[in-house]
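Try each task before reading its solution.

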Amino acid sequence: VRYQHSAISDDDELPDSRDREHKDPRLEKIEAIRQKAMLGGGEKRIQVQHKKGKLTARERLSVLLDPGSFLESGTFVEHRCRDFGMDKTSFSGDGVITGSGLIAGRPVFVYSQDFTVYGGSLSESHAAKICRLMDRAMKAGAPIIGLNDSGGARIQEGVMSLAGYTEVFQRNVDASGVVPQISCILGPCAGGAVYSPALTDFVFMVRNSSYMFLTGPDVVKSVTMEEVTQEELGGAEVHTTRSGVAQGAWDNELELLSAVRELVTYLPLNNRDKPPLYPSSDPDDRPCPTLDRIIPENAEVPYDMRDVLAEVVDDRYVFEMIPDFARNVISGFARLGGETVGVIANNPLVLAGVLDIDAAIKASRFIRFCDSFNIPLITFVDVPGFLPGTQQEHAGVIRHGAKLLYAYAEATVPKLAVITRKAYGGAYCVMSSQHLRGDVNLAWPSAEVAVMGSKGAIEVIFKGHSKESMDKEVAAYEEKFYTPLSAARHGFLDDVIAPRDTRARLIRELRLLKHKSVSRPWKKHGNIPL
Ligand code: HXC
């Protein structure tokens with residue numbers, strides 16, 4: 001059917017979007033409201049925000065997203081509370097800006113809380129905007145990024161704000177493993193404002209201007225008499241070195257937002273998508289001769305596993321997650337032959353690379369993220385075992401260590417591992433071993449696969465024997481197990497390679513696994529030991 005031309009011709013003097021001179025008074029009124037909304041809580045509060053060294057909610061969006069890509073929705077939403085003087089003030093948008101945009105040309109859905117409007121607190125309407133955004137992201141299959149700067153539940157609204165938060169939490173859980181969720185903490189976040197980020201995949205904080213706590217210092221003081229500053233209670237330092245709540249800390253908001261842009265480049269848009277390819281000029285078959293000399297002669301001497309990773313990955317670059325928490329294990333994103341990989345590595349430089357509770361939690365959470373989003377796992381192993389002692393045992397190292405075992409066993413993405421030196425005891429089993437369905441298990445000639453180190457082992461099995469005979473047994477033990485050959489002879493290692501060939505070999509193996517597919521028995525969900 002060919003439609004007739006409109007009865008309104010180009011020459012008619014009627015409202016027409018092509019006629020920029022013409023002003024529709026209805027639109028003018030709406031545009032005036034929109035313009036006011038652009039200022040959030042007003043110029044004065046914006047100045048206060050700037051004085052604190054913070055950007056406004058809108059400025060943050062303009063830094064985070066590709067220029068001109070932001071499409072806002074919900075600009076005119078207002079709160080509906082009539083109590084405690086709330087009937088006298090209202091701000092279009094109700095303290096949160098929601099919409100979609102592009103990062104490096106790929107879609108994301110974003111909300112940005114505006115501290116200049118009721119301290120960014122979450123009302124019924126504010127929550128409804130975030131929920132709608134999350135629902136749209138789920139339908140579109142695109143990541144959700146939250147820019148959080150909020151005093152938590154809006155106190156004046158009582159249960160309506162609590163209900164609103166809980167609706168957000170439910171959606172965080174529904175979206176978990178479906179689309180990546182990233183939380184940026186850009187101010188004081190209390191109460192519900194921290195539980196939503198806690199349910200997401202990555203939490204990034206700004207040093208000295210962002211805080212996360214369930215209850216602020218005033219409440220802490222009144223309940224426990226403890227005097228503590230916001231920074232001491234829940235600053236970026238605390239959460240990226242001690243609690244493990246956040247995955248990254250940056251010196252200012254610009255650095256943080258550019259880190260989020262970078263993170264997104266490693267990720268697929270959703271769990272049915274593959275991460276984007278970023279081919280580099282780094283040759284796939286580049287030999288790494290320095291790796292041939294990286295393992296010290298003396299097994300007691302540490303080395304930095306970061307130096308190994310740098311040699312192997314594209315452009316020597318790993319984007320580490322939570323680098324200053326549980327430094328005995330490294331987790332981060334990198335690329336091999338242009339493909340995103342998740343790297344997990346014991347670091348012998350810290351506590352000899354031993355696995356402890358924090359390391360197990362850090363690595364297992366990262367592994368589960370990668371597995372949810374089709375990111376292959378590359379594991380570098382140099383680990384003397386799990387950390388012994390009452391502190392760890394009483395704190396539940398059995399339960400937490402089991403998380404790591406569970407995460408590797410459950411992961412169905414390609415799993416490649418390289419043993420560089422020690423792979424002792426339970427840690428051998430855990431770290432992506434062939435028995436946990438590792439796809440490719442390689443070792444360097446310096447690898448040692450054993451139940452434990454030689455001295456401890458001989459003391460157990462030859463207890464009370466003469467020193468001379470024990471020394472002989474230690475030598476025999478080292479001859480047998482301080483080599484990859486014993487494990488390789490059993491077929492538990494696919495190959496023993498020259499360290500210099502590690503990069504080229506991993507890239508070739510990774511390509512072979514491109515279409516890996518595993519089917520598992522049906523279950524509602526497993527019961528990971530939490
Ligand atoms: C309503 C709030 C608010 C809130 C802040 N404001 N928090 N309004 N509800 N939750 C308002 C303030 O009244 C103030 O308005 C403006 O925001 C700025 O706040 P200030 O206190 O002046 O700013 P600052 O000194 O920087 O302190 C920020 C803050 C503090 C640390 C966030 O405001 C604070 O402690 N707020 C309460 C935090 C809290 O306990 N929230 C409830 C958590 S319970 P005016 O007009 O005066 O400028 C919760 C339940 C969910 O969230 C549970 C889920 C499990």
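**Exercise 1.** Find which ligand atom is 3.0 Å from a polar backbone atom of Gly119.

*Solution.* Start at Gly119: its polar backbone atom is 3.0 Å from an oxygen atom of the ligand. Next, go to Ala153, where a backbone N or O atom lies 2.8 Å from a nitrogen atom of the ligand. Ile155 also has a backbone N or O atom 3.1 Å from a ligand nitrogen. Finally, widen the view: 19 residues surround the ligand (a heavy atom within 4 Å), and Gly119 and Ala153 are among the closest.

A word on the ground rules: this is a predicted model, where local features need pLDDT of at least 70 and side-chain atom pairs pLDDT 80 or more, while totals for chains, interfaces and linings use all residues. Residues are numbered from 1 along each chain as its sequence is written, and side-chain values use heavy atoms, without hydrogens and water.

**Exercise 2.** Locate Arg335 and find which backbone oxygen its side chain reaches.

*Solution.* Then follow the Arg335 side chain to the backbone oxygen of Thr265, at 3.1 Å. Lastly, check the contacts (heavy atoms within 4.5 Å) beyond four places in sequence: they include Tyr266, Tyr278 and Val313.

Conventions. Polar contact = N/O pair within 3.5 Å; in protein donor to acceptor, adjacent residues only side chain to side chain.
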